[in-house]
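Here is a friendly walk through one chain. Have the viewer open and follow along from the charged pairs to the core.

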Amino acid sequence: MSVAETMRRKLEAALAPTQLEIEDQSHLHKGHAGHRPDGESHFRVVIVAPVFAGKSRVERQRMVTAALKEEMGSPIHALGIKAMTPEEAAAER
């Protein structure tokens, strides 16, 4: 199973998102610290979930990283997170 697939499975189980986008951005970091030749080291996640209601940006990011705690550091070197409630996501459209 790829790192992205593992991330998807764990985030869906932990946070029940209504929207989840996982983008492997490893190709943008060739030659940088933490880059692996086979990729899947640098990711960007956009996640929309009702569970984020009433939580600060930092609390939301902690919820995401807690769900991925086994992958953080290795194989995930860097993770950009945009976490929103469904209402916040609708307002961006």
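## A salt bridge to start from

Let's begin with Lys10 and Glu70, which form a salt bridge whose closest N and O atoms are 2.8 Å apart. This pair links distant parts of the chain, since Lys10 sits in helix 1 and Glu70 in the loop between helix 2 and strand 3, 60 residues apart. Please keep in mind that this is a predicted model.

The two partners sit in contrasting surroundings. Lys10 counts as buried because its relative accessibility is 15%, under the 20% cut-off. Glu70 has a relative accessibility of 59%, so it counts as exposed.

## The overall layout

Stepping back, the chain contains three helices and three strands, and along the sequence they follow the pattern α-β-β-α-β-α. Of its 93 residues, 37% count as buried. The accessible surface comes to about 5400 Å², and carbon and sulfur atoms own 51% of that.

How much of the contact set with a separation of 6 or more comes from residues 24 or more positions apart? The share is 63%.

In soluble globular proteins, nonpolar side chains tend to be buried together. Here, the largest nonpolar core has 18 residues, and those with the most contacts inside it are Met7, Leu11, Val45, Ile47, Val64 and Leu79. Helix 1, strand 1, strand 2, helix 2 and strand 3 each supply at least two residues of this core. Helix 1 gives the most, with four residues.

Setting aside neighbours within four places in sequence, Met7 is in contact with Ile22, Phe43, Val45, Leu68, Ile76 and Leu79.

## One side of helix 2

Which residues are buried in helix 2, residues 57–67? They are Arg60, Val64 and Ala67. These residues lie on the same side of helix 2, because they cover an arc of only 65 degrees around the axis. The buried residues of helix 2 pack against helix 1 (3–15), strand 2 (42–48), strand 3 (78–84) and helix 3 (86–92).

Arg60 also has a charged partner: Glu88 forms a salt bridge with Arg60, with the closest N and O atoms 2.6 Å apart. Glu88 lies in helix 3 and Arg60 in helix 2, so the pair ties together parts 28 residues apart in sequence. At 8% relative accessibility Arg60 counts as buried, while Glu88, at 33%, counts as partly exposed.

## More salt bridges

A search of the whole structure finds five salt bridges. Another of them joins the side chains of Lys82 and Glu92, at 3.0 Å from N to O. Because Lys82 lies in strand 3 and Glu92 in helix 3, this pair ties together parts 10 residues apart in sequence. Lys82 has 29% relative accessibility and counts as partly exposed. Salt bridges that share partners also join Lys10, Glu70 and Glu71 into one network.

## Two loop residues

Is Ser26 buried or exposed? With 2% relative accessibility, Ser26 counts as buried, although it is found in the loop between strand 1 (19–24) and strand 2. A polar atom of the Ser26 side chain lies 3.1 Å from the backbone nitrogen of Glu40, and the backbone nitrogen of His42 lies 3.1 Å from a polar atom of that side chain.

Gly73, in the loop between helix 2 and strand 3, counts as exposed at 55% relative accessibility. Gly73 and Ser41 are 32 residues apart in sequence, and their C-alpha atoms are 9.0 Å apart in space.

Key
Residues numbered from 1 in each chain as written. Predicted model: local features only at pLDDT ≥ 70, side-chain atom pairs only at ≥ 80, totals over all residues. Heavy atoms only, no water. Buried < 20%, exposed > 50% of the residue type's maximum accessible area, 1.4 Å probe, protein only. Contact = heavy atoms within 4.5 Å. Areas by Shrake-Rupley, 256 points an atom, 1.4 Å probe, with all protein chains shown as cover. Arc of directions from axis to C-beta. Polar contact = N/O pair within 3.5 Å; in protein donor to acceptor, adjacent residues only side chain to side chain. Core = buried A, V, L, I, M, F, W, Y, C linked by side-chain atoms within 4.5 Å. Salt bridge = Lys/Arg side-chain N within 4 Å of Asp/Glu carboxyl O.
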